[in-house]
Amino acid sequence: MTETAVYAAGGVVWRVVAGKLHILVIHRTAYADVTLPKGKVDPGEALAETAVREIFEETGIRVALGIPVGVSRYRMPRGRQKIVHYWAAEATDDAIRASAFVPNKEIAAIEWVTPRKALGYLSYPVDVEIVEQFLRYVDDGVLETFPIVVMRHAKALPRDDWKGADAARPLTARGTRQAAAAVGPLRAFGIRRIVSSDAVRCVTTVTPLAAALGRKVHRTPLLSQDAWEEGTSDPRTVIGQRVRARKPAVLCSHGPVLPSILSELALATGTMRGSYLGSASTLQPGAFSVVHLSATNPGSGIVAIETHEPKV
């Protein structure tokens with residue numbers, strides 16, 4: 001991020017009503033315009049967190065993020081560039097019923113409209129471009145998706161500074177902060193299953209997330225570095241289970257194991273392998289890549305991959 005730019009995030013919030021796709025637009029009070037829900041990043045906040053928070057604050061609807069659908073860039077009145085990241089986000093019936101939205105000094109109204117109406121209704125060309133990108137995915141048969149998040153454990157004590165078994169090596173103080181800071185961005189993708197190498201540094205990385213979600217950490221040696229070094233690791237079994245389940249999941253493992261995990265995701269979904277897999281698996285400690293798959297046809301290939309670096 002550059003210091004001169006203002007960063008924001010939002011979403012193309014969608015639902016299907018009587019077999020027809022609708023997206024959510026907002027009518028802003030002060031600007032008398034029609035736009036997509038979005039807002040500026042708060043200090044210390046990740047973009048994915050911002051998108052979920054702003055959608056909720058402006059519409060009252062809690063969502064989990066789907067695929068990224070584009071980035072808009074434009075100049076603000078005083079010349080600073082504003083960069084807005086957007087994700088697709090399904091509004092479930094339960095989330096809509098739970099919304100307590102009422103018109104206020106910022107948002108005069110929210111409205112569900114067909115994509116065709118939205119394209120002629122939105123006030124800004126940059127919003128239209130985002131909706132058009134979203135509709136390209138829809139035209140390709142991709143609407144409902146689920147993420148498999150591949151995460152590298154947070155910063156751990158170096159091997160040379162640890163006298164015990166490598167699997168028992170703990171996180172550093174920075175690693176502990178990274179684990180805590182990852183909770184918000186991971187929750188933004190609606191994680192429901194937490195799978196981890198049985199090494200302490202991996203389990204500890206996802207423990208704050210498990211606590212926040214009220215879910216258990218499923219530990220497995222199949223993703224461990226010890227097993228990888230011994231030639232007995234088995235990411236294929238883990239990936240197969242997660243793809244068949246079609247539920248949002250995070251897999252926490254080790255740097256040397258991540259390329260195998262990404263390769264198995266490509267194989268399991270019929271995706272051609274390429275350099276993008278290397279980029280998605282070359283992660284800093286505490287970073288993660290979100291692999292988006294079609295919920296209706298996971299075997300149709302990886303839809304999108306995005307990588308998130310730690311904020312700490």
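Visitor: How much space lies in the second largest pocket?

Guide: About 460 Å³ of space lies in the second largest pocket. A pocket here is an open set of points, on a 1 Å grid over the protein atoms alone, where a 1.4 Å probe fits, with protein on both sides within 12 Å along at least five of seven lines. The volume is the space filled by probe spheres set on the points, which are joined across faces, edges and corners. The model is predicted: local features need pLDDT of at least 70, side-chain atom pairs count only at pLDDT 80 or more, and totals for chains, interfaces and linings use all residues. Residues are numbered from 1 along each chain as its sequence is written, and side-chain values use heavy atoms, with hydrogens and water left out.

By class, the lining holds 14 nonpolar, four polar and six charged residues. Ala, Val, Leu, Ile, Met, Phe, Trp, Tyr, Cys and Pro count as nonpolar; Asp, Glu, Lys and Arg count as charged; the others, Gly among them, are polar.

For context, the largest pocket holds about 670 Å³. Its lining divides into eight nonpolar, three polar and twelve charged residues.

Notes. On a 1 Å grid over the protein atoms alone, a cavity is a set of points where a 1.4 Å probe fits but cannot get out, and a pocket is an open set with protein on both sides within 12 Å along at least five of seven lines; lining residues have an atom within 4 Å of a point.
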